[in-house]
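Here is a short report on one protein model. It covers a pocket, a set of salt bridges and a surface patch.

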Amino acid sequence: MRSFRSLIERQIAKAQASGALTGLKGEGAPLPDRPVEKGDAASMSAGMRIMADAGVVPEEFALKKELDAARKAYAACQSEADRKTAMAKLADLELRYEIAREARRKFMS
């Protein structure tokens, strides 16, 4: 463990010496307040934060946005034919959303 720690410290010192750690986004700013989590919630939170910082959105989140938009579109339908089409799309999105949620739950457990 001690050798691993010294390896990390050497890598950090090397990066500082080469200037690789200057001019980074958020340099000098305080760290954002984040709730302290323990156990599985902490690892889930860290993973989500890393993905968000990288601009990656899990499929489940994208489907949730589509689902919300589809619900609004369904509520705005005037004709029976439009409602039927919108309901089919809504049912498809709900199924895909639940499948994505279940896949994430299984992966994380």
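## The largest pocket

Sorted by class, the residues lining the largest pocket are eight nonpolar, one polar and three charged. Here Ala, Val, Leu, Ile, Met, Phe, Trp, Tyr, Cys and Pro count as nonpolar, Asp, Glu, Lys and Arg as charged, and the others, Gly among them, as polar. The pocket has a volume of about 180 Å³. Its lining holds 12 residues, and Met48, Met51, Pro58, Glu60 and Arg104 are the closest to the centre. Helices α2 (40–53), α3 (59–76) and α4 (80–108) each give two or more residues to the lining. The largest share, five residues, comes from α4.

A pocket is found on a 1 Å grid over the protein atoms alone: it is an open set of points where a 1.4 Å probe fits, with protein on both sides within 12 Å along at least five of seven lines. Lining residues have an atom within 4 Å of a point. Points are joined across faces, edges and corners, and the volume is the space filled by probe spheres set on them. Helices are DSSP runs (H or I, at least four residues), numbered from the N terminus.

## Basis of the model

This is a predicted model, in which local features need pLDDT of at least 70 and side-chain atom pairs count only at pLDDT 80 or more, while totals for chains, interfaces and linings use all residues. Residues are numbered from 1 along each chain as its sequence is written, and side-chain values use heavy atoms, with hydrogens and water left out.

## Salt bridges

The structure holds six salt bridges. The term means a side-chain nitrogen of Lys or Arg within 4 Å of a carboxyl oxygen of Asp or Glu. Among them is the pair Lys64 and Asp68, with the closest N and O atoms 3.6 Å apart. Both residues lie in helix α3, four residues apart, about one turn of the helix. Lys64 is partly exposed, because its relative accessibility is 32%. Asp68 is also partly exposed, at 33%. Partly exposed is the range between buried (under 20% relative accessible area) and exposed (over 50%), with a 1.4 Å probe and protein chains only.

Which residue pairs with Arg71? The partner is Glu94, with the closest N and O atoms 3.3 Å apart. Arg71 lies in helix α3 and Glu94 in helix α4, so this bridge ties together parts that are 23 residues apart in sequence. Arg71 is partly exposed at 36%, and Glu94 is partly exposed at 34%.

Arg96 and Asp92 form another salt bridge, their closest N and O atoms being 3.6 Å apart. These two lie in helix α4, four residues apart, about one turn of the helix. Arg96 is partly exposed at 36%, as is Asp92 at 39%. Shared partners join Lys64, Asp68, Arg71 and Glu94 into one salt-bridge network.

## Nonpolar surface

Phe4, Leu7, Ile8, Ile12, Leu21 and Leu24 form a nonpolar surface patch, with about 520 Å² of accessible area together. Nonpolar patches join Val, Leu, Ile, Met, Phe, Trp and Tyr side chains within 5 Å, using residues with over 30% relative accessible area and no salt bridge; like charges are joined within 9 Å. Areas come from the Shrake-Rupley method with a 1.4 Å probe, and for residues only the protein chains shown count as cover. Ile8 sits in helix α1 (residues 2–18). Ile8 is partly exposed, at 38% relative accessibility.

Ile99 lies in helix α4. Ile99 counts as exposed, because its relative accessibility is 52%. Ile99 and Glu60 are 39 residues apart in sequence and 8.6 Å apart in space, C-alpha to C-alpha.
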